[in-house]
Amino acid sequence: MKSLLTAILLLTLSGGLAAQEIPKKLYTTTRTATSPVIDGDLDDPAWSDGAWEGDFTQFEPYEGRVPSQPTEFKIRFDDLHIYVAVKCYDDPDSIIVRMSRRDNDDGDMVAIVFDSYHDLRTGFMFGVTSSGVRLDQIMANDGESEDSSWDPIWQAKAKIHDWGWAAEMKIPFTQLRFEKNSSEVWGLEVARQIYRHNEMSLWQPISRTSSGLVHAMGEMTGLQEIEPRKQLDLLPFAESSYQTSEPEPGNPFAKGKLFGYNFGLDAKIGVTNNLTLDLTVNPDFGQVEADPSEVNLSAFETFFEEKRPFFIEGSSITSFNVGLGDGGAGNDNLFYSRRIGRRPHGYPSLDDGEYADVPNFTNILGAAKITGKTENGLSIGILESVTAEVKAEIDTEEGRSNEVIEPLTNFSLARVQKDFDRGNTIIGGMITTTNRRLDDTGMENLHSGAYTGGIDFTRYFSDKSYRIRASLYMSHVTGSEEAIAATQRSSARYFQRPDADHLEYDPTRTSLSGQGGKLEFGKLSGNFNWLFMNIWKSPGLELNDMGYMRETDLMLNVLWGGYNFTEPFSIFRNLRLNSDIFTGFDFGGNLAGVGYEGNLNGTFKNNWNFGFGGGYSFSQVSTTILRGGPSMKMPDDWRVWYNVNTDSRKKVYLGLSGNFNRAAEDYSSNNRYSLSLTVRPMNTLRVSLSPGYSNSRNELQYLSKMNLNGSDQYIFATVKQQIISMSLRINYNITPDLTVQYWGQPFSGDIGFSDYKVIMDPGAAEFSDRFHAYNDAEISYSDETWFVDNGDYSFDFPDPDFKTNEWLSNLVVRWEFLPGSTAYLVWSQTREYMGGPGTYSLGDNMNYLFTGKKADNIFMVKFSYRIGLR
């Protein structure tokens with residue numbers, strides 16, 4: 001502990017002083033008597049009076065320099081809208097004009113950001129490219145998080161002139177959140193991107209080493225006369241679908257064709273002028289892209305990103321992250337929206353000759369959320385959702401029956417945060433509840449109730465150069481003895497581990513509680529940054545009913561430092577160096593591992609970017625590899641990764657990445673390679689191809705636990721995996737409001753097992769003494785079955801080798817025929833082929849994929865129509 005505190009002190013002293021504060025600019029807007037026509041011409045009377053505001057400053061590549069081209073803007077307003085005009089002076093032949101999807105800043109672009117709360121933390125960004133493509137997002141936590149899923153209803157046009165190009169915007173006040181009494185001053189920033197120079201300039205200068213963006217923006221006044229307005233938009237929708245699949249002889253539920261229809265309602269209602277109620281009744285997300293294919297041989301659930309618009313928008317408000325870093329434990333959160341509408345927990349047990357119609361997902365009967373921020377700095381996020389009871393219909397010789405595979409469930413969430421001292425102090429809290437109606441369902445293996453709650457605190461110092469952030473949270477789950485026993489035995493904690501003296505497995509429990517926390521303290525601004533992080537999760541913590549969590553029973557400490565070269569030098573446009581050390585312990589005080597990581601990322605002056613890094617871990621002990629068995633010492637391991645990408649502004653650009661993992665004692669190896677190629681044959685078409693290949697070997701892959709001669713034995717094998725995959729994306733953007741997108745992913749994997757073994761002494765000093773590999777006299781193979789007989793015991797098991805192949809396709813034609821009103825034409829296809837033991841051939845597997853079982857196809861048409869009542 002003493003050495004750690006010394007390191008923090010030294011890093012603090014070496015961090016230097018915070019960047020000198022840049023004086024804030026002030027812009028005064030005025031009312032217009034006549035609303036301008038949004039066409040990009042800028043010849044309306046609204047733009048004829050008053051001076052144009054300019055004097056922009058480079059943000060990158062050379063901070064503080066004069067931009068290569070001048071920019072001017074004006075802002076006007078009336079009772080209903082705020083209007084923005086921007087003049088981007090340039091050579092018309094040099095302007096990069098590219099058509100793309102909404103929220104894709106491809107080409108020259110301008111953007112305006114309003115901090116209408118003037119809380120110095122929240123920004124509403126509206127942008128438009130030189131081709132007229134709109135961009136919009138909410139910037140939360142002083143720009144630390146960005147929500148591009150926010151799609152307000154507004155208008156924008158761009159037009160090329162002989163002096164350059166112009167952008168014109170019309171933004172309804174209903175799409176912004178503010179109080180009448182707080183409208184005297186808004187935060188304001190205007191930005192311009194000159195694509196060919198990869199140059200960004202700002203009206204209000206902001207240092208690239210600033211700890212945040214929103215608090216450093218300029219200010220706008222002149223809006224004292226406006227009245228906040230409430231939003232009321234109704235979006236009824238209707239959809240029709242047709243599905244085709246391989247008919248299954250004798251199965252009355254698999255005839256190969258299925259017609260369907262659905263209808264529902266989405267709504268946005270202004271509860272107050274700064275709180276919005278979002279509603280969805282009987283939602284449908286058929287236009288959402290499928291999850292990527294994978295092979296997961298671990299005991300842990302894979303984290304998939306949320307893609308459904310209702311749950312993405314405003315997700316930063318309903319988030320309570322309890323993880324650390326990116327991926328893995330970094331995804332841990334009290335709220336994981338994929339729990340709502342998930343695949344059913346249950347599956348019917350069928351006898352020979354019986355068939356079942358099993359839904360793939362749980363129907364969401366309805367969901368509502370309230371989000372916003374009050375005039376006194378109180379952020380609010382409330383979510384309520386009900387999912388239906390799901391039944392599988394079973395066909396037997398005696399007739400039809402139904403079996404519940406998912407109970408009626410209510411999900412609730414409330415999140416609040418309060419700002420103090422102009423956003424320098426933030427105190428918040430969150431609670432979630434999950435309640436299931438299990439009576440007469442036969443699903444007593446699930447929790448009847450699950451509850452989590454947490455509080456968090458953030459304090460900034462020295463003009464937000466330093467930050468301390470802390471959170472505490474707890475969980476409580478209730479259910480039958482069967483449900484709580486399963487929770488204790490789950491991969492998140494393994495209470496049954498025989499060597500875990502600090503854990504007690506009690507099969508008679510009907511509830512389980514736990515707690516956790518996170519502490520961060522570090523320096524955010526300047527070129528040199530550092531951060532100390534600590535998280536802990538008690539063994540009884542359980543978040544997975546409404547949240548996401550991989551493991552408990554851990555305490556993790558990380559000390560990170562980084563240096564950022566923001567100004568171009570030598571061959572570099574910018575450069576970033578990072579390094580960290582970490583230690584892990586369980587709640588019994590046992591060391592779980594120590595590690596070191598370092599990396600370097602940067603951009604060359606020719607706008608190629610690169611990165612490489614690596615790490616080394618040692619003194620590792622795994623409490624999960626035996627899946628409920630004793631802890632096991634693990635060999636040291638090291639890893640290296642790299643990536644390099646050519647200039648992404650070009651019509652053709654490439655990317656190459658890879659990583660290598662190796663462990664001592666020849667325990668494991670992993671090699672991954674991926675290539676990306678993007679081609680723009682014309683300004684409206686973009687084609688991306690990303691093939692990947694990986695091969696890995698692991699000497700200790702868990703197979704099963706067996707009771708042999710009266711004692712538990714853990715059977716393992718060496719596993720070799722070979723994965724070939726590719727992602728293909730085609731974006732054809734006919735207009736900013738009419739787009740065609742295709743995504744396809746072929747995926748082929750060969751997974752082979754060999755060198756079967758039994759764990760002998762998981763804590764032995766020598767790696768080879770921790771297990772015994774069955775020799776040829778002890779194991780034999782016949783008819784795709786392995787037989788083990790060593791004289792003391794005997795058992796057999798089927799050959800676990802398998803091959804998995806998929807081709808996922810998704811084609812979406814999207815047309816926003818009126819602001820907020822959208823039509824979709826969707827085609828989704830899934831091809832699957834699962835192979836057993838045998839020689840692997842990519843060609844044969846692809847052949848079986850297309851000539852074997854008929855593909856599953858879904859064709860869908862969906863219309864939503866916006867009815868704006870205010």
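Is Trp-786 buried or exposed, going by its relative accessible area? Trp-786 comes out buried, at 19%, where buried means under 20% relative accessible area, exposed over 50% and partly exposed in between (1.4 Å probe, protein chains only). This is a predicted model, in which local features need pLDDT of at least 70 and side-chain atom pairs count only at pLDDT 80 or more, while totals for chains, interfaces and linings use all residues. Residues are numbered from 1 along each chain as its sequence is written, and side-chain values use heavy atoms, with hydrogens and water left out.

Now for the rings. The structure holds 37 aromatic pairs, a pair being rings of Phe, Tyr and Trp (its six-membered ring) with centres within 6.5 Å; planes under 30 degrees apart count as stacked, over 60 as edge-to-face and the rest as tilted. One of them joins Phe-767 to Phe-771, edge-to-face, with 5.3 Å centre to centre and 75° between the planes. Phe-767 is buried at 5%, and Phe-771 is buried at 15%. Tyr-781 and Trp-786 make a tilted pair, because their planes stand at 50°, with the centres 4.7 Å apart. Tyr-781 is partly exposed at 39%. Elsewhere, Phe-114, Tyr-117, Phe-124, Phe-126, Trp-150, Trp-154 and Trp-186 form one aromatic cluster.

Charges turn up over rings too (NZ of Lys or CZ of Arg within 6 Å of the ring centre and within 35 degrees of the ring normal). Arg-343 lies over the face of Phe-361, 5.6 Å from the ring centre, and Arg-459 lies over that of Phe-461, at 5.5 Å.
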